[in-house]
Amino acid sequence: MTGALLALVAAALVQTAPPPSDAEKLLAGYVARYFAFYPSRATEAGRHDFDQRLEDPTPARRAEWLAFQKETLAAIAATRVVGPTDDEADLELLERQVAREIHDLSVRRRPERDPLWWTGIIGNATVFLLVRDDAPERERRAGAVARAGQIPRLAAQAREALAATPGRLVSKELTAIAARQARASSEFYRRGFVEAVGGAKGASASAQKAAAALEQLAAFLEGWRVWGSPALHADYTEAFRIATGVTTHTDRVLEEAQTALRAKTAEAAAYGRGVWGQFFQDPVPTLDREVLARFFARVAEDRASTIEEFVQDYRDQIAALERFLREHDVVTLPETTLWTGASPPFFVGQSVGGVYPAGPFAPDAKTLFYVPAPSPTATPEERETLFRAFNHHFNVMITPHEIFPGHYLQFKRAAQSPRKARALFADGVTVEGWGTFCERLLLDLGWGGPLDRMAHYKKQLENVARAIVDIRVHTKGWGKDEVVAFVRDEALQDPQFAGNMWMRSISTPTQITTYWLGDRKWRDLFEDYRALRGRDFRVKEFVDRVMGSGPIPIARVRERLMVDFGDVPAGPFLFRGVSLAPEPAASPTPVP
């Protein structure tokens, strides 16, 4: 091939890259402004050009940010595209993000009325600089010291914004939570920060000033006379629509959830009766609740007694699950970049448990999986309670949810996508629904045994109860006592889970509905796709195509899956029915 021809070929290849679309330009502009307003979220996403800055939400800047949201909403309407395209999916994610910001700032007025808005920023100010390895350590530590030095200013801004608000508009419960968070962060900066940054220059002085400022903030919150309700009341309907994309009235969603709880209880008890003789010698109880109570107690017996055993159990499950997925050809797995362990000892008073995925601007970085662990000051009873809740069988069934094909793989693929909006503004129903769906999918494929499936049933009851509790707290006047009694007596959960559900409902409204909502939507899509493909159906094809779409709304995933085969009706209301087919009494039939 001549040099001239090579040049022509090279030029043609360069020209094949299309220019960015109007939607891509709009998204890029929004992300730039988003990171300028929320620098700590830039760090979380793997961008480090904002590491020396901390959020500075003065009243003027909040007003400017709100105006920009409204401008962006108009721009989205002008840029709207139709059809199952990447631009359409990304614009929907952006529209939800913008709507959430507008609702938080102009309807709920969170910076003036919700102290958790401030303590949430403070809690994440330095954590990603300390636990990630996606930038040189020296630079990350310098960024953490710089941010710690700005915490006194941010804490003062919080006090100023909140102090002007009448007490009747502020929740006493949320204020108490925020006070505890501020004290925990103060403890971290006073006792753990210098060690965390390796004694970097200026760390001690910045840490002590941050700790003192956070103690002042905590004292202000503890002494603040407020008496408002934590419930969103009339604002919940719009918050729910924005978070979930569900437009059905919440009363109808509540009705469906209550029906689903009864159906899931019966299904779980029927399965338990079928395997009763494998674990118990006495006759099977007549009442469903008694069957489940015995099994849930038996599940909790197999548990770790030390944090070392606990962490090793998770590591063993992750390794075994990876082998299982490869041997059964369930999903295309990339090279695993995952670190699993307990929270670092220097995170005094500050919880960092959970999956910390690589951000879209550092997609090859490790994902960190910090297992839930008791605090160093926990009593023996508190440690025992945690290990009972996160027992071996819970760990077995939750690993597909948290790791693969759940959150780890979902966000790893999203981070590697050029469509960065999908990792930055992921659809919550898609994300938590997918993790929950993966629990059952893997059990049906042969992962785990009867007790692991019973642990899954307990989690399923908790998930449905979450939706019921969230709607009832924010629209029906339920308080903590009603929540704890319902979750304990009707959803058959431990008292710790019941209390935790109340806290999550008031501190992150709508979020806890996404597990049940998403699980059912994923199950509907899975069954539709399996029926459509018939004998050609393969689980791996379904999972790989879902992973390729990224965490966009499930309706958009459906469009992409069905594009080659024609439309499949979405079914009545939210779901195709109120429950899956009853579980087989003994061993499940694997999905092809």
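1. Contact here means heavy atoms within 4.5 Å, and this meaning is kept throughout the note. The model is a predicted one, in which local features need pLDDT of at least 70 and side-chain atom pairs count only at pLDDT 80 or more, while totals for chains, interfaces and linings use all residues. Residues are numbered from 1 along each chain as its sequence is written, and side-chain values use heavy atoms, with hydrogens and water left out.

2. Leu66 belongs to helix α4, residues 59-79, where helices are DSSP runs of H or I with at least four residues, strands are runs of E with at least two, and both are numbered from the N terminus. Leaving aside neighbours within four places in sequence, Leu66 is in contact with Ile102, Leu105 and Ser106. The C-alpha atoms of Leu66 and His103 are 9.7 Å apart, although 37 residues separate the two along the chain. Leu66 counts as buried because its relative accessibility is 16%, buried being under 20% relative accessible area, exposed over 50% and partly exposed in between, with a 1.4 Å probe and protein chains only.

3. Helix α19, residues 407-416, is mostly covered, with eight of its ten residues buried. Those buried are His407, Tyr408, Leu409, Gln410, Phe411, Lys412, Ala414 and Ala415. Their cover includes the strands β1 (338-341) and β3 (367-370), together with the helices α18 (392-402), α20 (421-424), α21 (428-444) and α26 (539-549).

4. The axes of helix α22 (residues 450-475) and helix α25 (residues 514-533) come within 7 Å and cross at roughly 115°; axes are lines fitted to C-alpha atoms, for helices over the stretch in contact, and angles run from 0 to 180 degrees between N-to-C directions. The two helices α22 and α25 are therefore roughly perpendicular to each other, a term that covers 65 to 115 degrees, whereas angles under 35 count as roughly parallel, over 145 as roughly antiparallel and the rest as oblique. On the α22 side Gln460, Asn463, Val464, Arg466 and Ala467 take part, and they meet Tyr515, Trp516 and Asp519 of α25.

5. For the protein as a whole, there are 27 helices and three strands. Its radius of gyration is 25 Å, close to the 25 Å that the globule rule gives for 592 residues, so the protein is as compact as a globular protein of that length; the radius is taken over C-alpha atoms, and the rule is 2.2 Å times the number of residues to the power 0.38. Buried residues make up 53% of the 592 residues.
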